Amino acid sequence: MNVSLVLIVIMAVLFACGVYAMLERSLTRVLIGFLLLGNAANLMLLIVMGQPGVAPFFGAAATTDEMSDPLPQALTLTAIVITFAVSAFLLALIYRSWQLGQADTVEDDEADVALRARNLEAEEAMDDETEIEGADDGVTTDFIGTDTAPITVLGSRDVASLRDDAPVDRPRRDGGGDA
């Protein structure tokens, strides 16, 4: 199988440019990057397909070695449909973003910035807590005794109006089945 080096280089450049464009804050550049990634994936499937052959129909070729593999062709068609659908969704998202904010860039929200700062402070505070590392794990738990457990399982013996007729996996005591 002789694969053209030019196709491999073009595929690598398309992947690189697509990933670079998708890391931008502009939704239009994200769309362009996604389209580049879709085309790079189609080109990769074309390279993987190998040598072209006879159409894979019954009786079209004398042996199966002369036929082309239909799986990469089906995967390429599927990739084209998926790329089209996601591109249409991104176009609708860009259009709506332009209608609402007259821009297609994604900005940081004040709540996101505050949450990020709070998470950094919490991580630093957790790094400072080293006094319980040497302690026993049983002591550091919140639920040591049954008195302090927040959940109480009730049965038919605890509440008279509670019916406990749920099916169980254990055999009955009287020797009968669950029926």
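Biologist: Is Val-3 buried, partly exposed or exposed?
Modeller: Bear in mind that this is a predicted model. Val-3 sits in the segment before helix H1 (5-22). Its relative accessibility comes to 34%, and buried would need under 20% while exposed would need over 50%. So Val-3 counts as partly exposed.

Biologist: Which residues make the nonpolar surface patch of about 410 Å²?
Modeller: Patch members need over 30% relative accessible area, and Val-3 has 34%. The patch is made by Val-3, Leu-5, Ile-8, Val-9 and Val-13.

Biologist: Where in the chain is confidence lowest?
Modeller: The chain averages a pLDDT of 78, and 74% of the residues score at least 70. H1 has the highest confidence, at 93. The lowest is a mean of 74, in helix H4 (residues 110-128).

Biologist: Why does Thr-76 count as buried?
Modeller: Thr-76 lies in helix H3 (residues 70-101). Leaving aside neighbours within four places in sequence, Thr-76 is in contact with Asn-42 and Leu-45. The cut-off for buried is under 20%, and Thr-76 counts as buried because its relative accessibility is 17%.

Biologist: What covers the buried residues of H2?
Modeller: H2 (residues 27-49) reaches 33 Å from its first C-alpha to its last, close to the 33 Å expected. Its buried residues include Phe-34, Asn-42 and Leu-45. Asn-42 and Leu-45 are also the contacts of Thr-76, a residue of H3. The cover over the buried residues of H2 includes H1 and H3.

Conventions:
Residues are numbered from 1 along each chain as its sequence is written. This is a predicted model: local features need pLDDT of at least 70, side-chain atom pairs count only at pLDDT 80 or more; totals for chains, interfaces and linings use all residues. Side-chain values use heavy atoms; hydrogens and water are left out. Patches are made of residues with over 30% relative accessible area and no salt bridge: like charges are joined within 9 Å, nonpolar side chains (Val, Leu, Ile, Met, Phe, Trp, Tyr) within 5 Å. Accessible areas come from the Shrake-Rupley method with a 1.4 Å probe; for residues, only the protein chains shown count as cover. A salt bridge is a side-chain nitrogen of Lys or Arg within 4 Å of a carboxyl oxygen of Asp or Glu. Helices (H or I, at least four residues) and strands (E, at least two) are DSSP runs, numbered from the N terminus. Buried means under 20% relative accessible area, exposed over 50%, partly exposed in between (1.4 Å probe, protein chains only). pLDDT is the predictor's confidence in each residue, from 0 to 100. Contact means heavy atoms within 4.5 Å. The expected span of a helix is 1.5 Å times one less than its number of residues.
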